[in-house]
Amino acid sequence: MASRDNLQASTAFGAFLHRGHHGRAGPAGVTVSERSRVAVAGIGARKGQTAALSERIAERTGLILPQTPQLVGRDHIGFVWTAPNQWLAMSDGEDGAAFAADLARDLAGLASVTDQTDGRAMLRLSGPRVRDALAKGCMLDLDARVFKQGHTAITLIALLTSQITRLEDTDDHLPVFEIAVMRSFAGNLWHWLEASSAEFGLDVC
């Protein structure tokens, strides 16, 4: 049987994230956790099938595929716009290959579906100083009046091509962001984030 340490290391950030407080002493300005155990599938509408694809998704999930850089979600499933006629579908707690296969079967003739679960690494960040930490490597304006809940963008963060999405605020009205990069860049993203958040105090959950 695999040890707990080996299981932890098998996640994208398992070798880097160490739970506890890092950086400046006192209350943390930034809190981070890895979003793992999530199935990710790329969806590309076939020529002339975008409307029919959106209708099929709505029938199956009750969600309308976004046509602009946004996230829509309900319960454990969500869809993120990545480019015209392209989306990422995500589902918590599902096997990636099975999730992609189910989507491909449901969307046959309307879209091409690819399993991207093992290719992406995702961090979820929140806290009163999270925008200050992100500003050190992200050139987007993340002000709440500009980058609103549900907005998403593909941009450079610490010179890494990343997708950043603003999720619903916490119950304490603190902003929450999710950053996704290619799995091979997980270490680069983490080391940048750890250094950028040190002056504000960083809690790893």
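Strand 10 (residues 160-167) and strand 11 run antiparallel and are joined by five bridges; two strands count as paired here if DSSP finds at least two bridges between them. Strands (E, at least two residues) and helices (H or I, at least four) are DSSP runs, numbered from the N terminus. Before going further, please keep in mind that this is a predicted model: local features need pLDDT of at least 70, side-chain atom pairs count only at pLDDT 80 or more, and totals for chains, interfaces and linings use all residues. Residues are numbered from 1 along each chain as its sequence is written, and side-chain values use heavy atoms, with hydrogens and water left out.

Strand 11 has another partner too. It pairs with strand 8 (residues 120-126) in the antiparallel sense, over seven bridges. A handy place to look is I179 in strand 11: L123 stands opposite I179, and I164 also stands opposite I179. How much of strand 11 is covered? Six of the seven residues in strand 11 (residues 176-182) are buried, where buried means under 20% relative accessible area, exposed means over 50%, and partly exposed lies in between, with a 1.4 Å probe and protein chains only.

Contact here means heavy atoms within 4.5 Å. Not counting residues up to four places away in sequence, I164 touches L134, L140, L142, F147, H151, T152, A153, T155, I157, F177, E178 and I179.

In soluble globular proteins, nonpolar side chains tend to be buried together. A nonpolar core is a set of buried Ala, Val, Leu, Ile, Met, Phe, Trp, Tyr and Cys residues joined through side-chain atoms within 4.5 Å. Which members of the largest core touch the most other members? Of its 29 residues, they are F13, L125, L134, I164 and L189. The elements that give two or more residues to this core are strand 2, strand 8, helix 4, strand 9, strand 10, strand 11, helix 5 and strand 12. Helix 5 supplies the largest share, five residues. Apart from this core lies another, of 21 residues, including L63, V72, L107 and V113.

Let us turn to helix 5 itself. Its 12 residues reach 16 Å from the first C-alpha to the last, close to the 16 Å expected at 1.5 Å a residue; the expected span is 1.5 Å times one less than the number of residues. Buried residues in helix 5 are A186, G187, L189, W190, W192, L193, S196 and S197. E194 is also found in helix 5, but E194 counts as partly exposed, at 28% relative accessibility. Leaving aside neighbours within four places in sequence, E194 is in contact with H22 and L202. E194 and R19 are 175 residues apart in sequence, yet 12 Å apart in space, C-alpha to C-alpha.

Now for the charged pairs. A salt bridge is a side-chain nitrogen of Lys or Arg within 4 Å of a carboxyl oxygen of Asp or Glu, and a search of the whole structure finds 10 of them. One of these joins D92 and R35, with the closest N and O atoms 3.1 Å apart. Because D92 lies in strand 6 (residues 86-92) and R35 in the loop between strand 2 (30-34) and strand 3 (38-45), the pair ties together parts that are 57 residues apart in sequence. D92 is partly exposed, at 36% relative accessibility, whereas R35 is buried, at 15%.

K136 and E199 form another salt bridge, their closest N and O atoms being 2.6 Å apart. This pair links distant parts of the chain, 63 residues apart: K136 is in the loop between helix 4 (130-134) and strand 9 (152-157), and E199 in the loop between helix 5 (186-197) and strand 12 (202-204). Both ends are partly exposed, K136 with a relative accessible area of 41% and E199 with 46%.

D169 and R166 also form a salt bridge, with closest N and O atoms 3.0 Å apart. Elsewhere, salt bridges that share partners join R35, D92, R124 and E178 into one network.
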